[in-house]
Amino acid sequence: MTATEIYEAVKAGVDAGWKLVWENVIVPEVNSLRSSELARKYCITDGDLMGMLYEDMIGNRKIDLFRNDGGNLWGWMRQYVRGYVTRANPNAHGEFSLEGTAEQNEHGEPMAIPTDDLGVIRNEVWDMTHRCFKDLWNDDPRKAYVLLLKTRFHLSSAEVSEMFDITEANVDQIFSRSVKQMRENWVKHEKP
Amino acid sequence: MKSPENKTIPLLFWSVPGTHAEHLWKVRVTIPPSATAETPLVLAAEGENSVPIAKGSFEFMGARVKIVNGKGHLAFGDFVKGIHETGVWMMRPGHPPVPGALTFG
C-alpha cells in the first residue's frame, strides 16, 4: 500500500488501515520508555489507547486535520497516543486517585505487586539521555552546550547569549532545535 | 562575553569508551562566575581510577591545553571561540590518543 492508500484506509476506518495503526502507532508507543511506565501506572491498556485513538480520529474527525502532504502519519498519530497517556493522571484533574482506592496494608500504604525495578528504569533513561546527547554533540556542539546550560544549569537565554556572544533569539532557536533533535534521537535509539 | 554572576558551571568531558574501555579519562572544566574573555578556566584531568593525569595534552575547543599534575588552563575567550569544535582528544605519554565528548552530567 502506498502512503496515500494507507491514509485513505485509515480515514475510512477500514480494518486493513487500522491494523497498520495498531502495528505502527499503538504497539511502539506502549512499549516506549516514555509511555510504558505511565500506562501501567494509570492502568491503561493498549486496547484502551486504540479505542481512544479511533474515537478521536473517526468519531471526532481529527483525521481530517492531518495534512496528507508526505508527512509521517504514524508519527503524527503517536503524538495523540502519547497525549492520552500523559494526560491520564487522575490526580492532575482533581478526580479521585486510583492509587487511593487500592487495598491498603497495615501501615495504610497501598498494596501493589512491584513489576519494575525503578532503579533499572532510571539507569536506562540516564544512559539513553547520554547516548542522545552524544549524537547532539556530534551534530553541533553548540546545540549540546545550549541544551546543557539551559536544562541542567538553569541558565536563562539572556545569560547564555551573553556567554557566547549570540542573540537571545538565536539561543532560543538553538535550544528549540536541540530539544527537537533530542526527541528524534530518542525515537531513533528506541527502535529495536 | 561574560559568564553569569554567582554561578559556577562545571562541564564534564569523558573519553568515549573503546572496544575494551581502556585508556579512560575525564576532564572537568570549571567556568567561574563573571568570567570574561581573559579569565582562565581551570581544567582538572583524571585518568583511570580517578588518578590525576601527571603529564599530557588535552585538545578541545580547537585549542591544545597542556596538562601538568592533573591541571590545565584555558582562557574563557578561547573556550567560547571553539564552541563549534567537535574534536576532543586526550594525549598522554604511553597511551594512544583517546577521543572524548561533553557529557550531560
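**Chain B**

I started with contacts inside chain B of this predicted model. Taking contacts between residues at least 6 apart in sequence, I found that 54% join residues at least 24 apart. Next I looked at what chain B is built from: 1 helix and 8 strands. Reading from the N terminus, I noted the order β-β-β-β-β-β-α-β-β. I also checked burial, and 28% of the 105 residues of chain B count as buried.

**The nonpolar cores**

Then I went looking for the largest nonpolar core, which has 38 residues. Which of its members touch the most other members? On the chain A side I wrote down A:A144, A:V146 and A:V160, and on the chain B side B:L41, B:L43, B:A45 and B:F58. The largest share of this core, 6 residues, comes from helix α7 of chain A, residues 141–152.

Leaving out residues up to four places away in sequence, I saw B:A45 touching B:W25, B:V27, B:P52, B:I53, B:G56, B:F58, B:I67, B:G70 and B:G72. One of these, B:F58, is also on my list of core members with the most contacts to other members.

There is a second, separate core too, with 15 residues. Its members include A:W18, A:A39, A:L49 and A:I63.

**Helix α7 of chain A**

Is α7(A) mostly covered or mostly open? It is mostly covered, with 9 of its 12 residues buried. I listed the buried ones as A:P141, A:K143, A:A144, A:Y145, A:V146, A:L147, A:L148, A:L149 and A:K150. Two lysines, A:K143 and A:K150, are among them.

What covers these buried residues? From chain A I noted α6, α8 and α9 (168–190), and from chain B the strand β8 (98–102). I also looked past the end of the helix: α7(A) is followed by A:H154, whose phi is positive, near 55 degrees.

**Where the chains meet**

Last, I looked at the contact between the chains, which takes 19 residues from chain A and 14 residues from chain B. On the side of chain A that touches chain B, α6 (118–139), α7 and α8 (157–164) each supply at least two residues. Sorting that side of chain A by class, I got 10 nonpolar, 3 polar and 6 charged residues.

Key: Residues numbered from 1 in each chain as written. Chains lettered and ligands numbered in written order. Predicted model: local features only at pLDDT ≥ 70, side-chain atom pairs only at ≥ 80, totals over all residues. Core = buried A, V, L, I, M, F, W, Y, C linked by C-beta atoms within 7 Å. Buried ≥ 20, exposed ≤ 12 C-beta atoms within 10 Å, placed from the backbone. Helix = DSSP H or I, 4+ residues; strand = E, 2+ residues; numbered from the N terminus. Contact = placed C-beta atoms within 7 Å. Nonpolar A, V, L, I, M, F, W, Y, C, P; charged D, E, K, R; others polar.
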